[in-house]
Structures are given as C-alpha cells and as structure tokens.
Amino acid sequence: MTSTPDERAAQLAAGLAGVRHRLAGAAAAAGRPVDELTLVVVTKTYPAGDVDLLGRLGVRDVGESRHPEAADKRAQVDVELPLRWHFVGALQTNKARAVAGYADVVHSVDRPRLVEALSAGVTRRGRSVECFVQVDLDEEAQPGRSGCSPRAVPELADALAQAPGLVLAGVMAVAPRGADPRAAFGRLAAVAADLRVRHPSARAISAGMSADLEAAVEAGATHVRIGRAVLGERPPTG
Ligand SMILES: *Cc1c(COP(=O)(O)O)cnc(C)c1O
C-alpha cells in the first residue's frame, strides 16, 4: 500500500476537499459563516511527510495526541511551513513541560497540576500557549477518563486565565462513545456559555471529529479535529 508522494498528495487533497465540503454544508445548515471554523487536521500515527504535504495543500493547523511522537514529527517537518501545532490527546503531568516547548495550542487541560506544569514550561522559554479546558461529557463518568466534570470547569478556567504564559481559549470535548453526539455537544455548548459569563474572551469550542463534525458545528464548535476523514483509516496500533 505504498504510494508515491504525488499519489499521496492527491489522496490528501481529496480528503481535505471532502472535509471542507462537509464543513461548508454544516455551517450553512447552522446558519454560521464557515470562516469561523478552524480545521485542525489530526496527523497522529501518520508520518511527518504527510504533514509536509498537508502544509503545502494549505493546512495551517495540525493536531497530535502523543508525546514524544508529536515532538519528533515537528522536528522533521519543513520549518518554512506556517503551521500551528495543537496537542489534543491526554497529557501526563510529567510530559507537560516538554509539550509546552512546541505546542501552540493544548486542547486537553483537565486538572490543576497540568496548568502549573504547562505554565512553568512556557514561561521558562518565553513562549505562550492557548489552552482549552477539556470537559468529560459522559454522564456516568469513570475515574481515569480524560476531561474534568462540567462542575470543575470554572475553577480550572480561572487557574488557566491567571497562569503566566497561558491563554484561556475555551472548552473542548470528545463525544462519549455510543451516545448521541448532538445531546453531548449541546451540554458542551451550555458549559461554554457559562464560561463566557466569567471569561468573555474564551469563546472557542473544540468539538467534532470525522464521525460527528456536523453535530459539533450545529452546536457551535469553532475548532473541529479531523483525522481519518482527511488521512484515511489509521493502521491499528499495538
Ligand atoms: C484522534 C483524535 C481526533 C481525530 O479523530 P478522527 O476520528 O480520526 O477524526 C480528534 N480528537 C482527538 C482528541 C483525537 O485523539
């Protein structure tokens, strides 16, 4: 299943066109301008060469979910490409300082210790990072899952807003498996509306993946995180 760079570029261009078409349709259906949507192409498990091709196809935002895979890839990608790197996966506290060295946006802040570690990591490098509070939308939340409870959002948002080097962007969620994504993203929209009362500039909502981007756009998502619909099915990881 190896393809030449030209063939791969054509596949990625077709995947991107398909996703942009879906986004335009979802925005029109929701009565929203499509230019308020940021497409983050999630490149986890795919090689750095795919990121280069995506950058040449006009992609500006790429997402990764694991450290050090993300760091290695960023080091290999053409530095001339104006890419913003989004860290979207569960983040261990002991990796947060390293991730703060290269991520432009972190979508998965779900506990106070991460706020401290990210802030320490960015300030010592003189950088700043935009952060989303990740919310667990599963009503029967299990311990150990990613995301904080909706009740914990205000405190975490306050901590982020005050932390040196961190900018509170908004909220992020993954639709719970097996649940209706419309209902889940509706709950996220309510959490986002509450957040804006205290933090009016935290307007971003990161929601929607390949399977449910339409439901996310309908519920007000500003950032969609799309992998498979652009890059193809990921090879199974061991
Ligand atoms: C992998 C991943 C995505 C993209 O998922 P697809 O189903 O490939 O579109 C989005 N968000 C997070 C947090 C992910 O880990």
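What covers the buried residues of α7? I'll come to that after the ground rules. This is a predicted model, where local features need pLDDT of at least 70 and side-chain atom pairs count only at pLDDT 80 or more, while totals for chains, interfaces and linings use all residues. Residues are numbered from 1 along each chain as its sequence is written, and side-chain values use heavy atoms, with hydrogens and water left out.

Helix α7 covers residues 181-198; helices are DSSP runs of H or I with at least four residues, strands are E runs of at least two, and both are numbered from the N terminus. Buried here means under 20% relative accessible area, exposed over 50%, partly exposed in between, with a 1.4 Å probe and protein chains only. The buried residues in α7 are A184, F185, L188, V191, A192 and L195. They sit on the same side of α7, because their arc around the axis is only 110°, taken from the directions from the helix axis to the C-beta atoms. On the face turned away from that side are the exposed residues D194 and V197.

Back to the cover: it includes α6 (153-162), β6 (166-172), β7 (204-206) and α8 (213-218), with contact meaning heavy atoms within 4.5 Å.

Now the ligand. Residues around it, meaning a heavy atom within 4 Å, include R225, R228 and R234. A polar side-chain atom of R234 is 2.8 Å from a ligand oxygen. Taken alone, the ligand exposes 390 Å², and the protein buries 91% of that, by the Shrake-Rupley method with a 1.4 Å probe, where for residues only the protein chains shown count as cover.

Conventions. Expected span 1.5 Å × (residues − 1). Polar contact = N/O pair within 3.5 Å; in protein donor to acceptor, adjacent residues only side chain to side chain.
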